[in-house]
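Q: Can we go through this model together? I'd like to start with what the terms mean and then look at particular places.

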Amino acid sequence: MAHAHDERTGEPTERSELPTDERLAFVDEYPSAARITRLCFGVSFGALLVGALLGIVQALHRTNVFRGVIESSDYYSVLTGHGVLLALFFTIFFLSGAFTWGTTRSLGRDLPNPRFSMAWFGLQLGGAVAVATAIFGGFVGEIPFEADVLYTFYAPLQAHPLFYAGLAAWLVGTWLAGADWIRSYLRWRSDNPGERVPLQTFMVLTTMLMWYVSTVGVAVEVLVFLLPLSLGLIDAVDPLLTRTLFWYFGHPVVYFWLMPAYFAWYTILPKLAGGRLFSDPLARVVFVLFLILSTPVGFHHQYADPGIAEGFKFVAMTNTMFLLLPSFLTAFTVVASMEYGARRRGGNGYFGWMKALPWANPAFAGMALAGLMFAAGGFSGIVNAGMNINSLVHNTLWVPGHFHLTVGTASALTMMAVSYWLYPQVTGKRLQLYGLAQVQPYVWFIGMALMSNAMHRAGLAGVPRRTAEPQYDQFTFEAALGSIPEMRLQIAVGGTLLTLGAVLFAAVMLATWFADRGRGRLRVDSHLPEPVSGPEDAPRVLDNFKLWTAVAVVLVAIAYGFPVFSMVADGPFDPAAPPVPVGVVDAAIGLLPG
């Protein structure tokens, strides 16, 4: 019996016109890639569910709605688990699966060596398990593990060596995954000289090049400083240097979360809307801009830090503002693609065409709502990036309100929505519990709307972040709009809805996982219609990965070269290093009369 979600969308094509019983799933054509994708998705979804459960504990505790689950002293274990499981493992394992699918599909060839692919997956998984063990050991006093260092792990906070060793193994696993996709591309290139790089593979390669450039900082931080410190091999480190190395990686990783969302918005969303991507060249420009601009911006997380000259913070702010350009280009291209599809479906009018979009399709609805929420997150990000107005919201609840819009919705909701479309293809099974899947994106959207708007307003009232109990004696926060109790209630209700959304998603995925294989009955496939403006309209220089990588490295050297040199010259293993560059002070003293 046909289901509502079996309805086809997108351009009629030779492949999608095949009779249903003759149509093959992705898993039938590329079994090795489908297996890796399924495994990565499985770990990603598990991290999402556990991280979401930690989130509701956290939300209810700090809003003082219910504090019977944990002691306040355990709050930071919960906070660390919530951040690391969701920000690093849910997102990056999903990316590893989606990029394996995208590279294989767009190049039309399975993984070159399934054993190598299993090796990088195993390394990522082993590292993630070690990290999670260190974090959850903090709840058990008899176990000598502890890692209450939050997602932003830098000195002077210190975790058990298992935490850092696990991070290192996981990071190497991601590097090897990138090498796997690059090897697939190079083999394709040798067989197809002169051909334009398929768009999905282009997106995967630019994202991974960005990852290689940006993870150098965190690799040095963990292997040279934090792991030796936790093992007792060194006595101390310079906190400013480790903070700088972390944020060198800490902001680019935001784009590593977002790139899978962009990957889906550009290549899958137009098909689900019933149309085609508006412009392939604009998509390539956007990914090149992210490659060259996303790394030299980390100092905008350190506006309040001493020891970094204001000029370099200004450079970081300028680069951050330039990053608005690819986001605006994306908004234009994706919305134009959706409108094109809606008008093909009979939509008309200035805004009436939106009613013709398939809002009952959970894959489409989730991605579209995620994009809408990302626009709001972009505006709050502009506030964070400004050197002057950043001081108004620094270390307040505004900041997690911002990244719950970007990471918690733009990335997370898109990833869940893509799964409704992609997961049947890598399993060969019809999506189960479809009614729950249709409701889930709206539950998530409403929950995040409540929670994030209350967080932003609470931040403007000065409510701090990173504390278990922001209710202080003889001190009250003054809200510019609404009241503090109302904001706390919204955060608690929103967090509850978000947890419900995560549980609904997990139920759909689990039911599909355990369902019988319905080979030959799938009505979805991996076919993506050609863009309105194709790769032949894009300048070939965009495909020059060596050039753009070189530009990215030069910009990093300009932004970070002198400040990092000054920190190292001050003494990288000296926690009492002067708070301003010694060379600058010495030069200034030398200019003083007498």
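This is a predicted model: local features need pLDDT of at least 70, side-chain atom pairs count only at pLDDT 80 or more; totals for chains, interfaces and linings use all residues.

Q: Fine. Is Trp181 buried or exposed, then?
A: Trp181 has a relative accessibility of 1%, so Trp181 counts as buried.

Q: And Phe99, buried or exposed?
A: Buried, because the relative accessibility of Phe99 is 0%.

Q: How many aromatic pairs does the structure hold?
A: There are 46 aromatic pairs. In one of them, the ring centres of Phe99 and Trp181 are 5.7 Å apart and the planes are at 75°, so this pair is edge-to-face. Phe99 sits in helix 3 (residues 75-107) and Trp181 in helix 5 (residues 161-191), so the pair links distant parts of the chain, 82 residues apart.

Q: What about the rings of Phe278 and Phe332, how is that pair arranged?
A: Edge-to-face, because the planes are at 85°, with the centres 5.9 Å apart. Phe278 is in the loop between helix 9 and helix 10, while Phe332 is in helix 12, 54 residues apart. Phe278 is partly exposed at 33% relative accessible area, and Phe332 is partly exposed at 47%.

Q: Let's stay on helix 12. Which residues in it are buried?
A: The buried residues of helix 12 are Pro326, Leu329, Thr330, Thr333, Val334, Ala336, Ser337, Met338, Gly341 and Ala342.

Q: What covers them?
A: The cover includes helix 8 (252-267), helix 9 (269-272), helix 10 (280-293), helix 11 (310-322) and helix 13 (362-385).

Q: What span should helix 12 have, and what is the distance between its end C-alpha atoms?
A: Helix 12 has 21 residues (324-344), and at 1.5 Å a residue they should span 30 Å. The end C-alpha atoms are 30 Å apart, which agrees. Just after helix 12, Gly346 takes a positive phi of about 105°.

Q: And helix 13, what are the figures there?
A: The 24 residues of helix 13 should span 34 Å, and the end C-alpha atoms are 33 Å apart, which agrees. At the start of helix 13, a side-chain oxygen of Asn361 comes to within 2.9 Å of the backbone nitrogen of Ala363.

Q: Changing topic. How many salt bridges does the count come to?
A: The count comes to 10 salt bridges. One of them joins Glu339 and Arg343, whose closest N and O atoms are 2.8 Å apart. Both residues lie in helix 12, 4 residues apart, about one turn of the helix.

Q: How do Asp280 and Arg284 meet?
A: Their side chains form a salt bridge at 2.5 Å, N to O. Asp280 and Arg284 both lie in helix 10, 4 residues apart, and both are buried. Arg284 also lies over the face of Phe202, at 5.0 Å from the ring centre.

Q: What about Arg457 and Glu486, which helices do they lie in?
A: Arg457 forms a salt bridge with Glu486, with the closest N and O atoms 2.6 Å apart. Arg457 lies in helix 16 (residues 434-460) and Glu486 in helix 17 (residues 484-514), so the pair ties together parts 29 residues apart in sequence. Arg457 counts as buried at 16% relative accessibility, whereas Glu486 is partly exposed at 24%.

Q: Which residues do salt bridges with shared partners join into one network?
A: Arg196, Asp280, Arg284 and Asp543.

Q: Now Gln302. Where is it, and what does it touch?
A: Gln302 is in the loop between helix 10 and helix 11. With residues up to four places away in sequence not counted, Gln302 touches Leu240, Arg243, Thr244, Trp247, Ile308 and Lys313. The side chains of Gln302 and Thr244 are joined by a polar contact of 3.2 Å. Gln302 counts as buried, at 0% relative accessibility.

Q: Last one: where is Phe26 found?
A: Phe26 is in helix 1 (residues 26-29), and at 2% relative accessibility Phe26 counts as buried. The C-alpha atoms of Phe26 and His527 are separated by 9.9 Å, although these residues are 501 residues apart along the chain.

Terms used: Residues are numbered from 1 along each chain as its sequence is written. Side-chain values use heavy atoms; hydrogens and water are left out. Helices (H or I, at least four residues) and strands (E, at least two) are DSSP runs, numbered from the N terminus. The expected span of a helix is 1.5 Å times one less than its number of residues. Buried means under 20% relative accessible area, exposed over 50%, partly exposed in between (1.4 Å probe, protein chains only). Contact means heavy atoms within 4.5 Å. A polar contact is a pair of N or O atoms within 3.5 Å; within protein, one must be able to donate a hydrogen and the other to accept it, and residues adjacent in sequence count only if both atoms are side-chain atoms. Rings of Phe, Tyr and Trp (its six-membered ring) pair if their centres lie within 6.5 Å; planes under 30 degrees apart count as stacked, over 60 as edge-to-face and the rest as tilted. A charge sits over a ring if NZ of Lys or CZ of Arg is within 6 Å of the ring centre and within 35 degrees of the ring normal. A salt bridge is a side-chain nitrogen of Lys or Arg within 4 Å of a carboxyl oxygen of Asp or Glu.
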